[in-house]
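Dear colleague,

Please look at it before reading the notes below.

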Amino acid sequence: MYSDKVMDHFANPRNVGEIPDANGVAQVGNAKCGDIMKMYLKVEDNIIKDIKFKTFGCAGAISTSSIATEMIKGKTLEEAEKLTNKAVIEALDGLPDEKIHCSVLAEQAIKAAIDDYRKKNNQ
Ligand code: FES
Ligand code: FES
């Protein structure tokens with residue numbers, strides 16, 4: 001059912017936790033299933049220097065968030081905002097159809113955390 005990459009990121013998720021001095025934070029919920037994700041960004045000079053996430057969610061939510069954080073760490077805010085759940089799913093070698101909605105959580109959480117950073121910095 002799950003690709004090797006999904007299993008790897010689920011069993012050994014990257015960038016899990018909190019950033020105490022994060023300057024962009026957001027929590028989003030998945031309307032479909034009620035799963036929740038919190039995303040922490042540390043932005044410096046328009047670059048995502050550090051990113052961590054916490055989720056009360058399923059294997060799909062954990063694996064997509066894990067790989068999404070890897071994909072945008074070190075990128076500019078503009079590059080990070082372009083990350084789509086489709087690109088995340090491709091990077092994981094696919095997700096089962098009934099798990100596609102899980103991948104939206106990571107994309108939404110990243111965008112909301114960037115918005116939060118921009119608001120706090122009057123951008
Ligand atoms: Fe989210 Fe399954 S419905 S964990
Ligand atoms: Fe809800 Fe996966 S089942 S995010």
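Predicted model: local features only at pLDDT ≥ 70, side-chain atom pairs only at ≥ 80, totals over all residues.

Residues are numbered from 1 along each chain as its sequence is written, and chains are lettered from A and ligands numbered from 1 in the order in which they are written.

Helices (H or I, at least four residues) and strands (E, at least two) are DSSP runs, numbered from the N terminus. Two strands pair if DSSP finds at least two bridges between them. Strand 1 (residues 24–29) pairs in the antiparallel sense with strand 2 (residues 36–44) over six bridges. Six residues lie between these strands in their hairpin, where glycine 34 takes a positive phi near 85°. Strand 2 is also antiparallel to strand 3 (residues 47–56), to which nine bridges join it. In that hairpin two residues separate the strands, and aspartate 45 has a positive phi near 50°.

The UniProt record (unreviewed entry) places the feature "domain: NIF system FeS cluster assembly NifU N-terminal" at residues 1–122; such annotations may be inferred rather than shown by experiment. This span is 45% helix and 20% strand.

Helix 2 (residues 59–72) packs against helix 5 (residues 100–120) at about 40° with axes 7 Å apart, the axes being lines fitted to C-alpha atoms over the stretch in contact and angles running from 0 to 180 degrees between N-to-C directions.

Yours sincerely
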